[in-house]
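Here is my notebook page for today. I opened the model and looked up a few spots, one after another.

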Amino acid sequence: MPRYRLQQAALLTLGLTFGSWSWAVGMQALDDSELSGISGQTGITLEVDLSVTANAIAYFDDGNGIRLEGFRVGSASDPGGPAYHQIKIDIGADAALNLDYLVQDRRIEFSDVRLVGSPQNSMGGVFLDHDMEGTLRITPGGALSQQGYTFDSAYSVRNGRLGYRTNGNEVFLDGVSLDVSSPGMTLDVDGNALLLTSPSVTGQYEVAAIRYSNNPANRGVSRDASSGEWLPSYGQLQGDFDLSKETRIRGGGRFGQQGLRIDSHTEINSANFLYLTNGNPLALRGITGYLAADDLRIDVAEDWLGRDALALTVDSFHGELNVERVELGSAGRSIGAVNVNFLFADQVFNGRQYTNALYLQGGGHADAGQQGLRLAAQWSLQLADLSYVDDGNRVIFSGLQSWGQGDVTVNVSREGALGGTQFFDGVRIGFEGLEGGYRINGLRVGDPDAPLQGGTELLLALGVYPAYDFEIDGHITLGAGGPSGEGLTINSDIRIRNGSAALIAAPYDEGQGEITQKGLWASELNYDMHVRNMTLDITDDGFAIITGEAWSTMDVGNLRVGAKDGDRSFGRFVIQKYEQGSSMTISPGGAGNVCVGGAGATAAACNASGGNWEMRGDEGITISLKQILARAVDDTRRNALTWETNRQLGPGGRPVNDTGVKLVLNDIYTSDGDGTDSNTFGIRTDLSVDVYQTRVVKKSDGADAAGVFGYRGDERIMDSGTAAGYRYVSNPTAADRANRPLGFAVQAHSRFKELSINNVDLVHPQGGAATAIYGVKLQNVDLRANLTATPIQ
């Protein structure tokens, strides 16, 4: 492209950004008062009060279109007023164009985004408020030739707001401050692509609050227009970054001749990110890595159901992120380091081809109103590894894969019932016909080449399964405000159908290709979950989750060992839960000093008792759970366990529920055991998680599966000088003990004051229920355990 065309494009862009008032008033001669705002001693200074409106701005791609409606640029504080702009233009001796600019009280907004083929629905509206000051220098000559350009840019944003609005409700970033410096950016034409290179983009940002409003009279204000009170906040954000980036932009979409193709690579040289509630941070410090998108296409096209959409499709999206320290709480204590690398790319899962595509449509949930966002999504996570480093010791959740397809809706909603659907205050994320799944190949401890091992089942305490297939409908609504001040309040209703969840799972690939993943499976799973007024916030001690009320029914059609679709089954299990006031706190620091296999508060006392004294360090994670099992309210809100066997077979030889014999443990609840109805203690469990060396002994004489010989009771010692990487030692020295194998270590402590079962019934399909035991109580139970997962040899 000739240089003068690039100059014309640059000047046109500047005109649209800073001087687009001609859209509204047309070309007119300037009178004396207007000329007084222009000076030209060492350049030109323009002062403009800018107010621009447009009914719509449309873009068409292969006959399909998208419209930005209700477009406006003007004052942020006065809906009918202009925004002040000052631009100083100067041309240097080196032919560089120098711009100094100042923008005050500007709002850029549009009320609706609509697809031309579906005008009845809107994606919602967006607004951006800001004051802005900066410089831009444009110099001839790019990275490839003198036909390109070099840009040096620096700017600051203050008093910023960025908001999203649907049906009179809005969520927005408030009090945004941003400082960015990006010297040496270059723009070149490379073949059929525009090449934009940014060797250094540095900056820092702060968001004073993330606010929510359900008052239609509020339009991007911090205080409610009716009450004058501050709008509730989800919390604050802070951070800084140092990036390098290269982007290639080409014409041509995936679904026709027109469209846009983007290939980009972003290097994260350093970054820090903080999320705070009431001044207490969750901090990700020392972030490095990269993100890359290969062949990202943007089209206006139809999704797989023929619905008009703004389509984003990508051949592959991959990256790696390293977090040096994850800190929780005001004291700045670290739980350790985290690393994740991932590849989203086309893959076949369960005999079906999946890709990565996102189709943006208007409307959201059908009952929420005309405005909202619907994301028809398909994803294919071909491979990911997630590692956690605790005091220098590393555990890797290896071979994570995920796939799925369905609709996700987004609405900013207010509490109330509309069209038979209950809505809550906040950002509602809905799921409609979403089918998907994930699986983890196993754990590796130490490095990526370590042998696969079990241990993923230890995540069950957090509700994370090693493998899961599901069909999901429902919603999660994220409200603003925690138990006191900033934070999140969650209300949700989730329905899972035709699921399969692994409670214990073997690898799906042991190095010789994919195999059937064996394990203990909850198959033909139907799961209904409901949460009311669950709060999340950061406290002095860590990350706190408090549940107001939660109830669920997990109906496991068959509990199987082996393949998830095998023939043999333990029968059907129905688990119902009903909790009030339960909580979970995640705190930095693991078990600390532990006596494993013995008793003693010191190393000497522990060793004398036959135990092994382990000093597991300062990092790690402690998860404190308190489960308050409430008395039954009805057949849905109760704690119960049902086991059904000997069911009759229906069509296709499948067992028919409620045709067999049942054992029912009904109305299970906790209490404080003081003779009153007090129920505040519940079941308390502390899980301290570390990655640490552990003592592993041989179970029998002879060679193990790797061919390493040893005697029963010999201890395994890691030794890189041996073929298998370890050897067996009868009497390990201190040097040997320093090379014990690493493991995924969990120290558990569970206790309760009183747990009651109201009645135990036997239910026959013809004879009905008969109470076998009435009234069972367990009191003052205290259980302790140390579990360490290492590879089996």
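I started with Ile-249 and found its place in strand β11, residues 236–251; strands are DSSP runs of E with at least two residues, helices are runs of H or I with at least four, and both are numbered from the N terminus. This is a predicted model, where local features need pLDDT of at least 70, side-chain atom pairs count only at pLDDT 80 or more, and totals for chains, interfaces and linings use all residues. Residues are numbered from 1 along each chain as its sequence is written, and side-chain values use heavy atoms, with hydrogens and water left out.

Next I looked up disulfides, meaning pairs of cysteine sulfur atoms within 2.5 Å. The structure holds one: Cys-595 and Cys-606, with sulfur atoms 2.1 Å apart. Cys-595 sits in strand β32 (residues 593–596) and Cys-606 in helix α4, so the pair ties together parts 11 residues apart in sequence. I noted a torsion of about 90 degrees about the S-S bond, so the disulfide is right-handed. Cys-595 counts as buried at 14% relative accessibility, and Cys-606 counts as buried at 0%.

Gly-610 is exposed, with a relative accessible area of 58%. Its C-alpha atom is separated by 9.6 Å from that of Cys-595, 15 residues apart along the chain.

Technical notes: Buried < 20%, exposed > 50% of the residue type's maximum accessible area, 1.4 Å probe, protein only.
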